[in-house]
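Let's take a walk through a protein together. Have a look at the picture first, and then we will go from the overall view to a few details.

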Amino acid sequence: MKKIAIIIALAALIAAYFIFDLGQYLTFEAIKEQVAGAQQTFADNPIQVIAVFFAIYVIATAASFPGAAFLTLAAGALFGFTTGLIVVSFASTLGATFAFLASRFVLRDTIEDKFGDRLKGINEGLERDGAFYLFTLRMVPAVPFFVINLVMGLTRIKTLTYALVSQVGMLLGTAVYVNAGTQLATLDSPSGIFTPAIIGSFVLLGIVPWIAKGIIGAIKRRKVYKGFTKPKKFDRNMVVIGAGSAGLVSALIASTVKAKVTLVEANKMGGDCLNTGCVPSKALIKSGKVAAMIRHADKYGLAAQEPEVPFKQTIARVMGAVKAIEPHDSVERYTGLGVDVIEGYAKVVDPWTVEIARNDGGTDRLTTQSIVIAAGAEPFIPPLEGLEESGYLTSDTMWDAFAEMDKAPARVAVLGGGPIGCEISQALARLGSNVTQIEMADRVLGREDEEVSQLAQQSLEEAGVTVLTDHKAVRTEGGAIVVEHAGSERAVAYDALIIAVGRKARLTGYGLEDIGVDTSRTVVTDEFLATKFPNIYAAGDVAGPYQFTHTASHQAWFASVNALFGQFKRFKADYRVIPAVTFLDPEVARVGLNEIEAKEQDIAYEVTRYDLDDLDRAIAESETKGFVKVLTPPGGKDTILGATIVGTHAGELLAEYTLAMKHKLGLNKILGTVHPYPTMAEANKFAAGNWKKANKPEKLLTFVEKYHDWRRG
C-alpha cells in the first residue's frame, strides 16, 4: 500500500505538471519574467519567499520535472550568490534524495528479484567505490541528475552517503548556475552558462578522486614492497609452484599467451588428484560397484554369487588407470607445450625471486614478474592420542599400502563421515572388508540436506558398512581406535585405520611466511586471488574456499590472467555456480543452494522434487533409488537457486542445472528442451514439469475450461 501511495503521489504530480502546463513556468524566458516581478516580494517577505521557493525546488527535483535547472538561475537572481547557493544546494540534495528513496522503495525489490545476480557485482563495486562513482557522475553536467537519482535508487549505496556526496558533487555546478542567475538580466539564453571549457574543467574535477585513488594505491604498493629490491629485468614472466590441477592450468595459460613460464613440482606431475585422489579413488569405486553387481546379480535377473576379489590385481588396475592418464600431465607434454618444467622444491625468496632446490641436486634462482602458488592440500591429521604409533593411513598413503596386500584388509576403521570417508568406506566394504565408519557429528555428509544424509547412510549400510555417527574418537591403542558415545567408550579393532577427516592447505616450506604473506589457514588472497603482494597469486586448494579439482582449474584462469595482464584489467574469481559430487553409489550431486544453506542465509524458497522410481530408464536398469530436488524462489519464479540430485550418474545429470544457473536459464527452458528417451537426463525435464504443474495459472485455466465448454455448445 505504501508503494501504491508513492506511485499515486508521483503520478498526481506528473499529471498536474501536464494538466496545468507547469512547464511554461520552467523556461528561461518565464524565469526571467517572473524574477523581475518577485524581487519586491522577496524584499518585503524574505523568509516566506525562501521557504516557498525551497519547497517548490524540492518538489520539482523530487518529481524530476524538466526545467528545474532554471529555478537555480532564479535563486541567483532573487537571493544573490551566497543565499541562493545555500538554498539551492540543500533543496536540490533533499529533492534528489527523495527521488532516490522513491526509486529504491518502489522499484529496487522488483529489479533485484529479476536481475539479482547482475546487480550483486554492481553493489559490491558501489560498496567499495560508490562515493567515487557518484561524485564523478555529479561533477559531469552532461549526465541528467534525475537519471542518477533513479538508477542509484536501485543499488545498495547508503542513503547518507548518497546525500552527502550528491551535495558536494553538485556544489560547483550549482555555483555556476547561481552565479549566472545573478547576471540573469544580461543573459540572452542558457547556452552561455556552460561553455565547452567549463564542461571540460568539470570532467577533470570529476576524475580527480580516481587519480587520487590511483596515487594512494601506488603508495600502498610501494609500502608493501618496502625492504625488497625489484630487479631491473626478469628471467621469467611467471613461476608456478605446484603441478596439480591449478598449477598445470596456470602454466598452460601462460605458455599459450607466449609468456615465459617455469612450472616447479617436487613430487609427481598431476598432483593429488591424478596420483592419490580423484583418479585412483574413482577406479576403486568402479571395482567395488562391479563386485556389488555380481553379489546382487539377482536384481538384474541373473544368478547372484559372491565375487572373488584378487585385491592386488584390483589395485593394479587402479594404478593402471593412473598410468594411462599420466601422459596428459607429464613433464614431456608440458615441455612440448612450451613450459619450462623443473622437478624440485621451490621457495619464494622475495616477491620477485624463487629459489629451486632441484631433485637432481642442483639449485636454480629465477627472477620473475609474477608467481602463482598452487601447492595444493594434504590430509588433516587430528591430534589424537596414540595416533602416531597406530600405523594409520590416509587417502594419500593407502594406495602404496594396498598394493602390497593380497587381500583387502579384513577390518577397516575409517575416521570421517565426509565425502572422502564415505567413498572409501563403501568401496572397501564392497570389495570384502569389514568396514566401520566413525563420524563425530550426528550424520554423514553433514553439509547436505538431512534426507540426503539418510539415503547416503542407508547405501553405506547396505554395502555392509557399520556407520557410527555421534561417536567421537578418543585415542588409539593396541590395534584399535577407542570411540566415545553417550558417555561410554568402545574399541573398534582394525587391520587398517584410514584417517579421512578433511584436508588442509600446504602452507609451509615455500617461504611465504618469511616475506609476510598471510598463511593462517590458507594462502590469504583478495577477490582477484592476489596475496598482499600484487604480483603473487594463489589458486586451488592452497587458496580455498573450495577443495575441488574443477574449482582449482577455474581459479587458475583468474590467477594466471590477472598475474600476466593485471596492469590492464583484473578479473574477480567467480564462485557463483560451483558444482560438487560425492561418488557414492548412488551418487550425490549438488550445485547452488540446498535447503540447509537457504535457511541459514534466510533465503525464501520452494522445493520441487522428482523421484527416480518413476523414471522409465531408472526402472529398466533397476536404479530407482534417488531423486532430483530443485529450489526456486516462491511465487512461481522459475529461477534455479540450487539443485540436488541423488542417483546413478547424478554427476552427469547435474551438468544441465550447472549450465542453466551459470547462464541464468530457468526451469521453463529445461522443460522446453527435448531430452532423448529413455535416458536418466529426462529426470531433469520431469522435475521442471513438476514445478510447472505446481505453478500452473489456475484462474486462466478456469477461463479456458469455460471457453472449451462454450465451444462445445
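This is a predicted model: local features need pLDDT of at least 70, side-chain atom pairs count only at pLDDT 80 or more; totals for chains, interfaces and linings use all residues.

The chain has 713 residues, and 46% of them count as buried. Its accessible surface comes to about 35800 Å², with 59% of that belonging to carbon and sulfur atoms.

Now zoom in on a pair of helices. Helix 9 covers residues 245-256 and helix 17 covers residues 549-565. The two pack at an angle of about 35 degrees, and their axes are 8 Å apart. Their crossing is right-handed. On the side of helix 9, the residues making the contact include Val249 and Ile253, while helix 17 brings, among others, Trp557 and Leu564. What classes of residue does this contact of helix 9 with helix 17 have? There are nine nonpolar and five polar residues, and no charged ones.

Next, look for the cysteines. How many disulfides does a search of the whole structure find? The search finds one, and it joins Cys273 to Cys278, with an S to S distance of 2.5 Å. The torsion about this S-S bond is about -125 degrees, so the disulfide is left-handed. Cys278 counts as partly exposed because its relative accessibility is 29%, which falls between the 20% and 50% limits. Another cysteine, Cys422, has a relative accessible area of 0%, so Cys422 is buried.

Methods. Residues are numbered from 1 along each chain as its sequence is written. Side-chain values use heavy atoms; hydrogens and water are left out. Axes are lines fitted to C-alpha atoms, for helices over the stretch in contact, and angles run from 0 to 180 degrees between N-to-C directions. Helices (H or I, at least four residues) and strands (E, at least two) are DSSP runs, numbered from the N terminus. A crossing is left-handed if the near helix is turned anticlockwise from the far one by less than a right angle, and right-handed if clockwise. Contact means heavy atoms within 4.5 Å. Ala, Val, Leu, Ile, Met, Phe, Trp, Tyr, Cys and Pro count as nonpolar, Asp, Glu, Lys and Arg as charged, and the others, Gly among them, as polar. A disulfide is a pair of cysteine sulfur atoms within 2.5 Å. Buried means under 20% relative accessible area, exposed over 50%, partly exposed in between (1.4 Å probe, protein chains only). Accessible areas come from the Shrake-Rupley method with a 1.4 Å probe; for residues, only the protein chains shown count as cover.
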